[in-house]
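Try each exercise yourself before you read its solution.

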Amino acid sequence: MITATATTAGQSVLAAADDTGTFVPRLPFGDWVESAVDWVTTTFDAVFDVVKAILEGAFDGLEWALQTPPFIVVALVLALLAALAAGWKLGVGSLVGFAVIAGMDQWDNAMASLTLVIIASAIALLIAIPVGIWTARNDHASRLVRPVLDFMQTMPAFVYLLPAVVIFLTGAVPGIVATVIFALAPGVRFTELGIRQVDAEIVEAGHAFGSTRGRILRQIQLPLAMPTIMAGVNQVIMLSLSMVVIAGMVGAPGLGQPVVESLSRIDVALGFEGGFSVVILAIFLDRVTSALAKRSPVAKALATASA
Amino acid sequence: MPAVPTSTPTPGSTPTPGPADRSRPAVSVENVYKVFGRRPVKAVQRLTEGASRDDVKNLGTAAVIDASFEVAQGEIFVVMGLSGSGKSTLIRMLNGLWKPTAGHVRIGDDDLSTVDAKRLRALRRTRVSMVFQHFALLPHRTVLDNAAYPLEIQGMPREQRIAKATEALEMVGLGGWADSLPSQLSGGMRQRVGLARALAADTDVLLMDEAFSALDPLIRREMQEQLLELQRTLHKTIIFITHDLNEAMHLGDRIAVMRDGRIVQIGTSEEILSEPANDYVAQFVADVDRTRVLTAQSVMVPPADGTTYSATSDDSQYVEQDTPLAELFAPAAESAAPLEVHDDAGDLVGVIPRDALLEAMVPGTEPETTTEAPGSDARGAMGAPPTDEPALPGPATTKGATA
Ligand SMILES: Nc1ncnc2c1ncn2[C@@H]1O[C@H](COP(=O)(O)OP(=O)(O)OP(=O)(O)O)[C@@H](O)[C@H]1O
Ligand SMILES: Nc1ncnc2c1ncn2[C@@H]1O[C@H](COP(=O)(O)OP(=O)(O)OP(=O)(O)O)[C@@H](O)[C@H]1O
Ligand SMILES: [Mg+2]
Ligand SMILES: [Mg+2]
């Protein structure tokens with residue numbers, strides 16, 4: 001099915017190649033990208049093999065941990081986490097939500113999606129936060145990175161799947177890679193914004209008493225930027241989740257599978273069961289991450305400031 | 001030197017020896033310029049040729065123009081001037097937070113324009129600390145941790161720095177607020193945390209940018225006395241920005257008046273009052289509450305022989321010899337007996353009978369407008385200089401201070 005999609009896309013490009021219908025000659029932009037991707041694929045073949053092996057290992061391991069224990073055990077653990085982060089109400093709510101997912105026979109898919117979201121978000125943040133710090137402290141870097149982020153954010157998410165598939169073939173790995181690229185931008189942006197927003201005079205106070213730049217970053221800028229960075233983390237997770245369905249098209253296991261399948265069979269029932277599970281998972285992740293953001297000591301201190 | 005006549009300090013007003021040791025300047029500033037904007041270097045070139053701040057507007061904002069002065073070890077140097085005259089910009093260059101566009105700033109023997117980053121940090125840790133105009137507290141740290149911050153950077157072990165920071169907080173009257181967050185304090189209390197932080201750092205140079213602007217008159221007075229005490233006992237060098245002329249006169253060994261980026265006069269409070277360099281300075285000091293510049297010492301008379309005034313009443317009223325006249329009225333009104341004047345050691349050095357106090361308030365008959373600078377000799381009762389100001393002082397609030 002995946003190869004089918006790819007061929008159709010290729011044919012339509014070929015059809016349009018003859019004539020643009022304007023005075024502008026046909027730009028072989030797509031060909032350039034394709035040959036670039038081909039070149040990258042062959043040149044870094046070994047690297048990609050390693051990346052693929054690592055991601056596959058991580059995915060399989062976490063998925064195993066979430067899918068092997070009985071439903072009730074995993075659901076209780078996750079609900080307990082929610083309760084610890086945001087109080088017993090969210091704990092109970094999550095448990096009910098998980099029961100609904102299980103009732104629709106989507107539990108295994110939900111856990112696969114959760115695995116993909118966790119791994120993709122973790123990688124995205126691991127890249128985004130340092131890049132955000134770098135761009136916040138260096139105007140040149142900021143000017144360099146901004147258009148790249150614009151590109152990444154406005155490019156239709158589907159498009160990332162194509163090179164990911166070319167390089168990593170099918171399965172969870174291209175899903176993870178496409179998700180990471182898609183979800184990266186808000187992580188960088190929020191980190192940069194958070195750090196730049198820190199009152200310049202407070203940073204100056206750090207300098208005035210002889211603190212090093214690194215120490216100012218750790219003791220002043222990052223703590224004060226934390227609420228904004230956490231909002232970025234939340235965004236990254238939400239975007240990752242929204243990519244889950246799309247990743248299903250390249251065969252990534254998870255809630256994307258029933259949705260894609262329902263599309264090809266026009267199966268409304270199956271489609272909504274998958275979709276609704278995504279919604280429940282999204283609410284769970286959103287509430288837990290935003291509660292964690294509010295619970296950090298810095299956020300609490302700053303909250304009293306605005307109270 | 002600039003050609004604009006109103007901007008050049010009069011020759012008579014440049015450094016006069018104060019109580020401080022002038023041979024070893026703690027801070028020296030040499031032809032310093034700071035221009036913000038697109039073409040700062042070009043602007044400086046025009047400014048050296050005598051252009052004014054307005055003339056170079058299209059090249060950038062000339063915040064500080066050709067500032068030169070030395071502050072001696074143990075001196076309190078006050079900088080005054082209207083809003084936007086460049087005071088904060090100037091003080092920020094003294095610890096290298098901002099680099100001068102041209103000129104040199106030296107802390108002791110170190111030229112800030114040539115020291116490397118490491119040495120600059122060391123200087124800031126050990127030599128210069130700063131009180132910020134807008135406090136600049138770390139909002140996520142408690143009051144105690146804020147006060148201990150410089151010590152933490154200095155690498156002092158936790159217990160030791162907590163002890164020292166607690167001490168500093170007690171000095172500014174915030175001993176009971178150690179565990180609060182800055183956001184839970186009123187404006188004046190926050191400013192005092194900023195003060196405590198700079199005091200805890202225990203450096204020999206203190207840069208204070210409107211450090212008392214948000215304080216109420218009572219605490220402000222107390223802080224002023226503490227500052228003078230610190231200077232007397234520990235010989236701290238203090239550079240103090242204020243909008244309050246009376247505060248400037250009270251604290252400053254010397255005062256620099258700034259206008260549109262230039263320093264127009266540097267001198268003792270007495271010099272500034274009696275020989276203003278130009279109309280601007282004269283207007284600037286027109287509002288000075290002379291009852292705050294005059295001190296108890298200047299109106300007291302020698303105690304009558306053999307009389308021990310304190311023995312005559314239990315609730316003996318006494319004032320320090322450097323108490324300004326403005327603060328003598330209340331105690332004088334409370335008792336019929338003359339006010340005792342004590343020196344720092346607590347010894348009786350003079351008395352102020354009510355009539356002497358009132359006499360001092362009558363516009364002076366003496367032709368010379370003499371004013372009392374802190375630390376100069378007592379001259380006995382004398383008339384206050386002629387002034388349009390009401391004799392009784394208004395509240396010691398800041399004029400046009402930005403909080
Ligand atoms: N970062 C900056 N960028 C551009 N211009 C600045 C900057 N900081 C200050 N200025 C300008 O420099 C001039 C002097 O400002 P400064 O803050 O030194 O004034 P000030 O004397 O401290 O005033 P106030 O009493 O109101 O605090 C002002 O015209 C201001 O607009
Ligand atoms: N957010 C807060 N949480 C807890 N206590 C607070 C908070 N804000 C103010 N307070 C306390 O309320 C009291 C009054 O504060 P307020 O800011 O009204 O004082 P103020 O009269 O404006 O003083 P100042 O002249 O110093 O500005 C202070 O003791 C302060 O500690
Ligand atoms: Mg200022
Ligand atoms: Mg207030």
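This is a predicted model: local features need pLDDT of at least 70, side-chain atom pairs count only at pLDDT 80 or more; totals for chains, interfaces and linings use all residues.

Residues are numbered from 1 along each chain as its sequence is written, chains are lettered from A and ligands numbered from 1 in the order in which they are written, and side-chain values use heavy atoms, with hydrogens and water left out.

**Exercise 1. Work out how chain A and chain B meet.**

Step 1: count the residues. With contact meaning heavy atoms within 4.5 Å, 21 residues of chain A touch 29 residues of chain B.

Step 2: get the area. Buried area is the accessible area (1.4 Å probe) that two parts lose on being put together, summed over both. Here that comes to about 2100 Å², with carbon and sulfur atoms giving 62%. On the chain A side, Glu201(A), Glu204(A) and Phe209(A) lose the most, together 34% of what that side buries.

Step 3: look for salt bridges (a side-chain nitrogen of Lys or Arg within 4 Å of a carboxyl oxygen of Asp or Glu). There are three between the chains. In a salt bridge, Arg215(A) pairs with Glu152(B) at 4.0 Å, N to O.

Step 4: assign helices, which are DSSP runs (H or I, at least four residues; strands are E, at least two), numbered from the N terminus. H10 (200–208), H11 (213–248) and H14 (297–306) of chain A each supply at least two residues of the side touching chain B. H10(A) gives the largest share, seven residues.

**Exercise 2. Find the protein donors of the magnesium ion (ligand 3).**

Step 1: list donors, meaning N, O and S atoms within 2.8 Å of the metal (3.2 Å for Na, K and Ca); water is not among the atoms, so sites may look incomplete.

Step 2: Ser88(B) sits in helix H2 of chain B and Gln133(B) in the loop between strand E6 (128–131) and helix H4 (143–154), 45 residues apart.

Step 3: check burial (buried is under 20% relative accessible area, exposed over 50%, partly exposed in between; 1.4 Å probe, protein chains only). Both Ser88(B) and Gln133(B) are buried. In H2(B), residues 87–94, eight of eight residues are buried.

**Exercise 3. Is Asp110(B) buried or exposed?**

Step 1: locate Asp110(B) in strand E5 (residues 110–111) of chain B.

Step 2: read its relative accessible area, which is 16%, so Asp110(B) is buried.

Step 3: leaving aside neighbours within four places in sequence, Asp110(B) contacts Val105(B), Val115(B), Arg119(B) and Leu123(B).
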